[in-house]
Amino acid sequence: MTTGRGQANSRDAPRALPDRESTAPEPAAHERALRTLSPAECFDLLEPGGIGRVGFTSADGIMILPVNFAVTRKTIIFRTAPDTLLALYADAQVSFEVDHLDEALHEGWSVLVHGHAHKVTDEREVKHLEDGTYLEPGAGGARDVYVRSPPTRISGRRIQASSASPPARGTEP
């Protein structure tokens, strides 16, 4: 067999044989394991704070809004402006979700917290939160309504390479 570049030889691509299936092994898929996290593991992931999403029911239906948050004494804390939906519906049942995804490794985690949110109105408690959480809202403007949501339930999941998968590059087995 010849190609436009000259004579073919045995090093060229293998020829298909009629009525025979390929016996070449396919590369192994990287296995992923989904693991349930303990409440302690969930709090460990939440402890640094960051950005999460608050879910609540408003007059217009279910709302989910991003917030900067902190954790103090295993309670979710966030700030909002007095004229926002979060402030209007702050004294209610809420769900709070935080996650992290490493797209390159196809690994990540998600934590879901259910609780009853409350506006913090006591001046001493507000001062304590201002001094102790260093919580800075991402949005501009006055965000002087503190909301706390102690968990009534907390759950989480982590997806990661299973132990059967080869170690990540740059790590030792």
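Biologist: Leaving aside neighbours within four places in sequence, which residues is A117 in contact with?

Modeller: Contact here means heavy atoms within 4.5 Å. This is a predicted model, where local features need pLDDT of at least 70, side-chain atom pairs count only at pLDDT 80 or more, and totals for chains, interfaces and linings use all residues. Residues are numbered from 1 along each chain as its sequence is written, and side-chain values use heavy atoms, with hydrogens and water left out. With neighbours within four places set aside, A117 touches A90, D91, A92, V94, V147, R148 and S149.

Biologist: Is A117 buried or exposed?

Modeller: A117 sits in the loop between β8 (107-116) and β9 (118-120); strands are DSSP runs of E, at least two residues, and helices are runs of H or I, at least four, numbered from the N terminus. Buried means under 20% relative accessible area, exposed over 50%, partly exposed in between (1.4 Å probe, protein chains only). At a relative accessible area of 1%, A117 is buried.

Biologist: Why do the buried residues of α3 line one face of the helix?

Modeller: In α3 (residues 123-133), the buried ones are V126, L129 and T133. An α-helix has 3.6 residues a turn, so residues three or four places apart point the same way. Going by directions from the helix axis to the C-beta atoms, the buried residues line one face because they fall within an arc of 65°.

Biologist: And which strands do those buried residues of α3 pack against?

Modeller: On the other side of α3, E123, R124 and G132 are exposed. The buried residues pack against β5 (61-72), β6 (75-80), β9 and β10 (145-149).
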